[in-house]
Amino acid sequence: MMLWTVFLLLVTLCVHRGSGEEREEPQRPGHVSVIIVGGTGDLAKKYLWQGFFQLYVNQVGVGNSFSFYGGGLSPAEKAKPVFFEILKATSCPKDVSKERCAVLKDQFLRVSQYQQLKTTEDYQELARHIEQQLQQEGMTEQGRLFYLSVPAFAYADIAEKINSSCRPASGAWVRVVLEKPFGHDYRSAQVLASELGSSLKNEEMYKIDHYLGKQVVSKILPFRMENRKFLDPIWNRHKIERIEIVLKEILDVKGRIPFYDQYGVIRDVLQNHLTEVMTLLTMKLPVNMSSGEEVVEKKLQILSSLLPLGKNQAVVGQYQAYKSEVQQELNKTKDHVSLTPTFAAVLAHIDDAQYEGVPILLISGKMLDERVGYARVLFKNDIFCLQNDDNVHCRPKQVVFYFGHGSLQYPGILVSKNLFRPTVTDSDWKEVTEHTDVSVLGLPLSDYYVQTPAVEKEAYAELISHIFSGRRNNFISTENLLASWSLWTPLLSSLVSSFPRIYPGGAENGGMLDVHLKGKEISYNSEVVLISPDQMGGESANSFQVMQGKFRSADMVSAWTEELVETLARDMQEAAEAAVHEGGVFHLALSGGSTPLALFHRLALHHFSFPWRDTHVWMVDERCVPLTELESNFYNLHENLLQHVRIPYYNIHPMPVQLNQRLCVEEDGGALLYENELSQQVNGSSFHFVLLGVGYDGHTASLFPGGKLGEVGERLVAVTESPVKPHQRMSLTLNAINRARRVALLVMGKGKHELITQLSRVKDNPDKYPVTGVKPANGKLVWYIDYDALLG
């Protein structure tokens, strides 16, 4: 009985330990073939061969044997001399003697060779070579590790060649390492993931971000866990003032322009490195730190909680010499202008109770004043020193994850002494007790408790050892990658035509790149215009201010899109405040479609004093689809506005297009239900503010040409027919619209220029151009037209 109890206990322990934990795959001694595709390139030369030599040094004495192949497109006779010069430049760890190092270097060179890898036949030849070597030397194959140090467009083709021509025999593993950039935006990343998935299993791919190999970055989660008793009470919106994640570089991008000009600083650094650091700082701590699945799940929760990023959440810059470098390296003419940013500062916010309202700054740039990387969590200081403001208690309270370089010159975790003394439980880390006379982020080093790695390790070497061991925690999952791109792609799209601020570079930048935070928006602190018309290749966008005028005998406001949306949002808030002051309530009717999305974002991210609690939101029109579908106007309104503001749910009035599990069936009376609700709640059925758009055919709301608008009589709501799918719609009628106190017609985009030109000439004809029937009886109509639509 005792033996049976012990057996059950052991089984229970084994099952518990196996549940979700990421353990290293058992590494039986055997032969490993390492193939770096792109083995003579810049990354391989600077980091990869040194990292694999380090792996060789660490593993060769424990029963493993290796072959190393530098793969490339060049023929062997041309590439071999370059390849072996790179290998000769590798160095041993400090704890390896000179004699031992000489022996290891010699062995490393003997087991390394260059292999042309261009065609399917080349990969077949490599496979034959590996199998022949295994047979001749009687070795058991443990696995093959392919490192793709090549442009991302080549990944899918190489993966297919590995899969079809170079897989090892059954029982040995394949691991394929993929370097960033992994895609150019959400769609390209999705396509690439799908293409790779047809050749490789998910567990065979290691998407590498070398920042996750930095010792300080990989220590963020363990540090938060080890110091939970200190951090839990202060790691929240009540105590955190802001979070900064900064990577400053002093170098330009000369020699990298063909790559860099396609990607820019946001794709190069923010979408990957800085986003990963942000998730590690803000994610909820996993119950099981060694569970890769749980870590990914917590990261995804944070990424899905981030508020949308648009133009108002970013500023971009470009160092002055970049233009000439582009012209030279891309063989462009003197008048060529590149809008690629070399500097970006982005303001993010997390829609979560723990971090609500906490600004998160992600900043990186080339040609800045120093080379340094850090993540800082700055805490609010509620102590005021009346006479001794130099007292330690009145100095900044902060935790700094210092990646390296800068004034400190070594990686470390710094905690200001007015916070707490962190624990040191990891033997790989030590406390620094002797401080040099330097200052870090506003405090002398002596004002910090400082921890640093006992032995500094290079990031690539660390990650290479993880790949060899089959540890996946510090690599990017496909879900994580796509979630990150879904956050950054809308911002990148919104910045496509934005002119970056030109800065001279280095110390001369002064305060030109200083930023100002206002609510959920970021802007440059100085208003100096640094881009001249000749740099823009035309007239400056700032040359046009907001214009007031007339269009079709009604008031018109015109401006560039951003200023126009700002003006409309401001006018809407003024109308709301006036209505609430007068009667305690504001009735707002909003149209669907894509045109008002910029306005919704503006209201959600900037107008915090908007009286949402006293606002009732109604729909101008709705497609006859379930309200949970992407095509639904209400779904878009909810996703882009309602879920981001504090509006009581009973103040929201979606159109009842789905009744009795049917869509817009006449006998269900959905239009009449909405009309009755409107009549009961809105005084005189007169909305305070109605927002409309105009379609290319002149329709407004869901009132279309040829729709026999006169037949609806005095009805306020009607079921209508659209010429495009989904055909059935529900819409306010002209009768309801023209009862409003104020109607705003928003028209944006070059594509609407022809329509605006046409509307400026035609007479009122609601049957042909329904928008010409918008004429508030006792209210005011204002056209909001951007310059693209007005001027073409």
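Reply: Let us begin with exposure, where buried means under 20% relative accessible area, exposed means over 50%, and partly exposed lies in between. The model here is a predicted one, and in it R242, at 24% relative accessibility, therefore counts as partly exposed.

Me: Which residue does R242 meet in a salt bridge?

Reply: A salt bridge pairs a side-chain nitrogen of Lys or Arg with a carboxyl oxygen of Asp or Glu within 4 Å, and R242 meets the side chain of E241 in this way, at 3.5 Å from N to O. E241 is partly exposed as well, with a relative accessibility of 37%. Both residues belong to a network of salt bridges that also links E244 and R376.

Me: How many salt bridges are found in the whole structure?

Reply: The search of the whole structure finds 36 salt bridges, and one of them joins K161 to D157, with the closest N and O atoms 2.6 Å apart. K161 is buried at 7% relative accessibility, whereas D157 is partly exposed at 41%.

Me: Which parts does the salt bridge between K248 and D369 tie together?

Reply: The side chains of K248 and D369 meet at 3.0 Å, N to O. K248 lies in strand β7 (residues 240-248) and D369 in the loop between β10 (360-365) and β11 (372-379), so the pair ties together parts that are 121 residues apart in sequence. K248 is buried, with a relative accessible area of 17%, while D369 is partly exposed at 49%.

Conventions
Residues are numbered from 1 along each chain as its sequence is written. This is a predicted model: local features need pLDDT of at least 70, side-chain atom pairs count only at pLDDT 80 or more; totals for chains, interfaces and linings use all residues. Side-chain values use heavy atoms; hydrogens and water are left out. Buried means under 20% relative accessible area, exposed over 50%, partly exposed in between (1.4 Å probe, protein chains only). Helices (H or I, at least four residues) and strands (E, at least two) are DSSP runs, numbered from the N terminus.
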